[in-house]
Structures are given as structure tokens and as C-alpha cells.
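Hi there,

Here is the structure I promised to pass on. My notes on what turned up in it follow right below.

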Amino acid sequence: MDRRIAKTRQAIMEAFVMLMGEKSFEKITIQEIADRADVNRGTVYLHFTDKYALLDQCIETYLQLLYETCLPDGELNEVSAKALLLRTFQFLQHNASIYSTLMTSKGVPVFRNRMQAMMERGIEEIIKNCGIGSGIKPEILVQFLAVAVAGLMEWWMVQSMPYTPEEMVEQLLLILERNLILPEQLAEYKRKA
């Protein structure tokens with residue numbers, strides 16, 4: 001894609017997300033998006049058929065960016081799970097204006113739902129590779145952790161990130177260690193860390 005086209009699309013998407021932070025999705029008009037992006041209305045329609053297509057593209061683009069940025073390097077294990085969480089919280093902190101709006105937009109829960117589904121897949125891999133939660137049905141553990149982590153991230157962003165990403169990860173891991181990981185798994189984890 002031509003750099004100018006990509007830059008225009010990015011400006012339109014950012015303008016749209018900022019408007020979502022100010023008003024409900026239903027009340028946003030294409031003209032407002034165009035004005036905020038500093039393009040004409042026709043340019044918005046050139047890139048997106050309507051605001052629903054724009055919403056879908058925003059969700060897809062920002063989830064893909066989150067996924068690619070926070071993707072673990074190498075084999076999944078407890079140490080890389082910690083690194084994955086830290087990268088995720090750091091990325092969200094760095095891009096808070098966009099992700100806090102997408103995660104907390106009351107009229108449009110699609111982003112949070114798809115982010116949670118993405119987390120479910122990642123958590124499922126970690127559980128499968130690390131053997132965490134022995135005795136707990138994997139699908140229940142995956143759902144519990146995905147909802148808990150997504151909710152914790154949303155809370156953190158709504159509260160204007162009162163703790164550093166490092167503190168959030170440390171607290172989250174303490175909760176998991178004390179409640180889900182068996183003592184022998186905890187000893188193994190601490191040896192690796």
C-alpha cells in the first residue's frame with residue numbers, strides 16, 4: 001500500500017477512535033470523522049464504505065498490532081508468559097489513548113470481546129505447554145484467566161494506570177502463584193526466573 005494511502009487510513013482510524021472516546025458510536029458521523037482527520041468526506045468513503053466498516057477495520061488493525069507487538073519470542077513457558085504480560089501492559093501504556101477507548105467504549109464491546117478471545121487462545125497455549133492448573137478443567141481455567149486478565153487491563157486503563165506495567169504483572173503473577181499453580185510448579189517457575 002502506498003505510504004500516503006496508509007497515512008490517510010491511519011489518520012481516519014485515529015480520528016474515529018478519538019471521537020469514540022467523546023461520544024457514542026451511534027452519534028458519530030462520517031463528516032465528524034473527516035473533519036477530525038482533516039480530510040474531506042469523500043476521502044473517508046474512498047477508504048471505508050461506512051462507519052461500520054471503519055469500526056471493523058479499526059478493531060482488526062489495533063488487535064493485530066497488539067498481537068504482533070506482544071507476541072512471545074520462542075517457546076511458551078512461565079518465563080515467556082511473564083514477558084508476554086509485561087510487553088502487553090507496556091504496549092497498552094504507550095498507546096493508552098487508543099486502547100483505553102477501544103476497550104472501554106460502552107456502545108461497542110466488540111473490541112474487548114475479540115481481545116478476550118485472542119487472550120483465550122494464548123492462555124490455552126500457555127496452559128498446554130506449562131501444565132498450569134493441574135486438576136482444573138482447562139476450558140474453565142482458560143475462561144477464568146482470560147476474563148480476569150482482560151478485566152484487570154480494562155480496570156487499569158480506566159483508573160489512569162495507577163501502577164506501572166511491572167507492578168501490574170508482578171501482582172497478577174502473585175495472584176496466579178498463590179491460587180492456581182501447584183507448589184512444585186511454583187518452585188520450578190522460581191528456579192527459572
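Methionine 119 touches Ala146, Val149, Ala150 and Met153, leaving out residues up to four places away in sequence; contact here means heavy atoms within 4.5 Å. Methionine 119 itself sits in helix α7 (residues 110-130). Helices (H or I, at least four residues) and strands (E, at least two) are DSSP runs, numbered from the N terminus. With a relative accessibility of 13%, methionine 119 counts as buried. The cut-offs are under 20% relative accessible area for buried, over 50% for exposed, and partly exposed in between, using a 1.4 Å probe and protein chains only. The C-alpha atoms of methionine 119 and valine 147 are separated by 8.8 Å, and the two residues are 28 residues apart along the chain.

Before you go further, please keep in mind that this is a predicted model: local features need pLDDT of at least 70 and side-chain atom pairs count only at pLDDT 80 or more, while totals for chains, interfaces and linings use all residues. Residues are numbered from 1 along each chain as its sequence is written, and side-chain values use heavy atoms, with hydrogens and water left out.

Arginine 112 is another residue of helix α7. Is arginine 112 buried or exposed? Its relative accessibility is 18%, so arginine 112 counts as buried. Its contacts, apart from neighbours within four places in sequence, are Leu102, Met103, Val147, Ala150, Gly151 and Glu154.

Now to the helix packing. Two packed helices are described by the angle between their axes and the distance between the axes. Helix α8 (residues 138-158) packs with helix α9 (residues 165-179) at an angle of about 150 degrees, and their axes are 12 Å apart. That makes α8 roughly antiparallel to α9. For reference, angles under 35 degrees count as roughly parallel, over 145 as roughly antiparallel, 65 to 115 as roughly perpendicular and the rest as oblique. The axes are lines fitted to C-alpha atoms, for helices over the stretch in contact, and the angles run from 0 to 180 degrees between N-to-C directions. α8 passes α9 in a right-handed crossing; a crossing is left-handed if the near helix is turned anticlockwise from the far one by less than a right angle, and right-handed if clockwise. On the α8 side the contact is made by Leu145, Val149, Leu152, Trp155 and Trp156, and on the α9 side by Pro165, Met168, Leu172 and Leu176. By class, this contact of α8 with α9 has nine nonpolar, no polar and no charged residues. In that scheme Ala, Val, Leu, Ile, Met, Phe, Trp, Tyr, Cys and Pro count as nonpolar, Asp, Glu, Lys and Arg as charged, and the others, Gly among them, as polar.

Helix α1 (residues 3-22) and helix α2 (residues 30-37) pack at about 115 degrees, with their axes 8 Å apart. The crossing of α1 and α2 is right-handed. Here Ala11, Ile12, Ala15, Phe16, Met18, Leu19 and Glu22 of α1 meet Glu32, Ile33, Arg36 and Ala37 of α2. The contact of α1 with α2 divides into eight nonpolar, no polar and three charged residues.

The loop between α8 and α9 holds serine 160 and also methionine 161. Phi of serine 160 is near 60 degrees, a positive value in a residue other than glycine. Methionine 161 likewise has a positive phi, of about 50 degrees, although it is not a glycine. Serine 160 is exposed, with a relative accessible area of 57%, whereas methionine 161, at 22%, counts as partly exposed.

Finally, the aromatic rings. How many aromatic pairs does a search of the whole structure find? The search finds seven. Rings of Phe, Tyr and Trp (its six-membered ring) pair if their centres lie within 6.5 Å; planes under 30 degrees apart count as stacked, over 60 as edge-to-face and the rest as tilted. Tyrosine 62 and tyrosine 99 form an edge-to-face pair, 5.9 Å centre to centre with 80 degrees between the planes. Tyrosine 62 is buried at 3% relative accessible area, and tyrosine 99 is buried at 1%. Tyr62, Phe91, Tyr99 and Phe111 form one aromatic cluster.

Best wishes
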